[in-house]
Amino acid sequence: NEVPVGSGYTSYTISVNGNKWLNSGMTGFRNNGDWASLKLNKTETTTGQDSFGSYSDMAILWDDTKNAGYQFGTIVRQYPSDPDLVVFIQLYPQGAMKSSTGSADKVISSFPSFKLDNSNLGYNQWGGSMAGDVEFVGKLDGKTKPEGGLSNGAGPFCIFDAEMANAIVLSPLTDHFGASDYVDNDEMQWGILGNVTTVNPGYAISFILSAPRNGGGLNAAMRAWGDRQLSYYGKRRGNAHDRDYTLNYLGYSTDNGAYYYYETEPGKNYQQTMIDVKAYHDKVGLPTKWVLLDSWWYFKGDNDGVKNWTAMPSIFPGGMQAVYEGTKWKIQAHNRYYSLDNVYANNIPKQNETGMFPFTWGVKSALPTTEEFWDYLFGINMDWGLIVYEQDWESTSADDVPMLTNTTNFGRTWLTQMGRSAEKYDLSIQYCMDFTRHLMTSVELPAVTQARSSGDYHPGNDQWQIGVTAIFTSAIDIAPSKDSYWSQPDPQSGHYSAGTKEPYNRLQSLVESLSNGPLTFADRIGYSDVDLIMRCCSTSGLVLRPDTSA
């Protein structure tokens, strides 16, 4: 494919193989409470080199005629050796003030933007709060409106022709968390999140338009786009499976829908229950190597947030070490947003306990603001088999903590601090309940290896439908995690309602195997289909995998 940008500087078009696909929309930014009135100051053509190679820039500097001394820069960057790639850059020489629209679902800037006026093209867009588990599909004719905003913006937007012979992908390239898209007046605009109040002087943000080198439909376009995202940040494809133990060996889950989710064996605590599960697996020949411990094991505080990420004595009397020593399982440990009365923060009003680290907070949840916090949290928890840290409820924090949406940089800062610290301790990270903006930030972070790509499991539900989500996750080398399953079709009722069973156990097993994500089961003691489970792994517990997510 060739994707040239035809430009008279103030307007531009996108053509694919000589056919015009897209016409430009509005260019602008908000400043001092309103959209700026732009007047062209100067144009410039320059050359240089970045992570993609040698480039040629067509740049415009605009004056804000409503606010003297403020300017806005726009750059179209093309690569002579790679005509399938275009980068659009917004520049803020003097920054912007009072820029918020009052809604995180809008944008405070627009470049690039394109008219929704081509009925010969279709689109596929990933959104929702489980790694793009919600799919939006339609024609690019203005009648079907693409999505955007906090929960559905910032992810890949794939445009394709009727024959699915050619496709392109548009998305943020830098500051993925603070970027977004928005549909206004039959045009789609890419810019900065609409709640951002101030843009610092010298700030820049980039967006990428990518096509596969030799043509192809949605899958080829997404893979080429993902390759470019990864190469820009130096993250190697294959990193996820090379570093993450849980993507290579059979595991056991206690997540929502598992038999032992907030439930133990009668008359026993969780410590003895997990040891008994391990003994049962050994008895029947299941080579389980790790366990997912969900949210039932740690202390919770205000609004059900985590107060202290430490095992409650009523759950594990001997601590996490006793579980590790009693099972020899490595552990994927769940975490959520922090409560306002957590034991780590030193600056939240009305705390009963004062910790050592600064936090930022909203109405119901709080987040740490320094990498030192993560170094401390991971450092004191490395003696009980921790191998994967699961950061859940990410969308809840995005909806609640103002700094995530009213600044250009804190969302990225929070995730990169977590990721860098995890890398120091050789931990992998799973994102859960994440918007696409969370997952997009993972292209900078080798420690982030997987993301939940389905809703919670419940026997008989359809959360196995992760094929479209997997196109997105695998494009950026993230393993899609389908929540676990019951391996037998017989009822495992117990604390579930009478007759509860998994009628599609073989389908669940097949999808999990082909997903290229973590492979777990979640049965009651005595109820595992050993033959079915063992079709997915060797006697050593090494799971059998496709080359890429199906």
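Me: What kind of model is it, and how are residues numbered?
Reply: It's a predicted model, where local features need pLDDT of at least 70, side-chain atom pairs count only at pLDDT 80 or more, and totals for chains, interfaces and linings use all residues. Residues are numbered from 1 along each chain as its sequence is written, and side-chain values use heavy atoms, with hydrogens and water left out.

Me: Ok, Ser113. Buried or exposed?
Reply: Ser113 is buried, because its relative accessibility is 0% (buried is under 20% relative accessible area, exposed over 50%, partly exposed in between, with a 1.4 Å probe and protein chains only). Ser113 sits in strand E11, residues 113–115.

Me: What does its side chain reach?
Reply: The Ser113 side chain reaches the backbone oxygen of Met26 at 2.7 Å. Setting aside neighbours within four places in sequence, Ser113 also has contacts that include Tyr12, Asn23 and Glu187 (contact means heavy atoms within 4.5 Å).

Me: Which peptide bond is cis?
Reply: The one from Phe111 to Pro112, with omega near 5 degrees. Pro112 is in the loop between strand E10 (109–110) and E11.

Me: Switching topic: what's phi doing at Lys328?
Reply: Phi of Lys328 is near 60 degrees, a positive value in a residue other than glycine. Lys328 is in the loop between helix H5 (319–327) and strand E23 (330–335), and it counts as exposed because its relative accessibility is 61%.

Me: And Asp477?
Reply: Asp477 also isn't a glycine and has a positive phi, about 60 degrees. Asp477 lies in the loop between helix H11 (467–475) and strand E29 (479–481). With a relative accessible area of 8%, Asp477 is buried.

Me: By the way, what are those H and E labels?
Reply: They're DSSP runs numbered from the N terminus: helices (H or I) have at least four residues, strands (E) at least two.

Me: Last one, the nonpolar cores. Which residues touch the most other members of the largest one?
Reply: Trp297, Trp309, Phe316 and Tyr338, out of 98 residues in that core. Apart from it lies another core of 44 residues, among them Val16 and Trp21. A nonpolar core here is a set of buried Ala, Val, Leu, Ile, Met, Phe, Trp, Tyr and Cys residues joined through side-chain atoms within 4.5 Å.

Me: What does Phe316 touch?
Reply: Not counting residues up to four places away in sequence, Phe316 touches Tyr270, Gln271, Leu293, Trp296, Trp297, Ala311 and Val323.

Methods:
A polar contact is a pair of N or O atoms within 3.5 Å; within protein, one must be able to donate a hydrogen and the other to accept it, and residues adjacent in sequence count only if both atoms are side-chain atoms.
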